[in-house]
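I opened this entry to look at packing and ring contacts. My notes follow the structure.

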Amino acid sequence: MPVPQTQRPTAAFVGASWLALMVGSLSYLIGLWNAQMALNEKGYYLTLLLYGLFSAVSLQKSVRDRLEGLRVTGLYFGLCWVSLGIAIVLLVVGLWNATLGLSEKGFYAMAFLLSLFAAVAVQKNVRDMALHDGDADAMDRSADF
């Protein structure tokens, strides 16, 4: 199956995607650093961010692989969706039960979701640029993001 033609993402979109990823992730991490919570609770929220980012990128890569005719098993594709859902549900449950103010809970939720969305956009840009440039090695590294 031929690889679909894509346009190279603009520098502005690439920069905005990276900036959104950095702002979302760093805001979340700075919020954790300054939070008045136990170290194990901070570890929980840090692990959720890392798990969520990995899940989002893995799902984006799986969706894109399928669109380009690359084989992705239904089991892996389903696990990607379930994994992303679990990360979001765990964040919601953690924030629901946390003894944080509503503004803090909203801050963590928004920073988390911004980070997930931006990670997907960054991965898409990496893949689009590699596809547009015809760089087979970069395509192989696109999952590395």
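Leaving aside neighbours within four places in sequence, which residues is Tyr 108 in contact with? I list Tyr 28, Gly 31, Leu 32, Ala 35, Met 37, Leu 91, Leu 95 and Leu 100. Contact here means heavy atoms within 4.5 Å.

Ground rules. I am reading a predicted model, where local features need pLDDT of at least 70, side-chain atom pairs count only at pLDDT 80 or more, and totals for chains, interfaces and linings use all residues. Residues are numbered from 1 along each chain as its sequence is written, and side-chain values use heavy atoms, with hydrogens and water left out.

Fold. I find 5 helices and 0 strands (DSSP runs: H or I of at least four residues for helices, E of at least two for strands).

Burial. Of the 145 residues, 40% count as buried (under 20% relative accessible area, 1.4 Å probe, protein chains only). Tyr 28 is buried at 0%, and Tyr 108 is buried at 3%.

Rings. I count 5 aromatic pairs (Phe, Tyr or Trp rings, the six-membered one for Trp, with centres within 6.5 Å; planes under 30 degrees apart are stacked, over 60 edge-to-face, the rest tilted). Tyr 28 and Tyr 108 pair edge-to-face, at 5.6 Å centre to centre and 80 degrees between the planes. Tyr 28 lies in helix α1 and Tyr 108 in helix α4, so this pair ties together parts 80 residues apart in sequence. Tyr 45 and Tyr 108 are stacked, at 6.1 Å and 15 degrees. That pair links helix α2 to helix α4, 63 residues apart.

Key. Buried means under 20% relative accessible area, exposed over 50%, partly exposed in between (1.4 Å probe, protein chains only).
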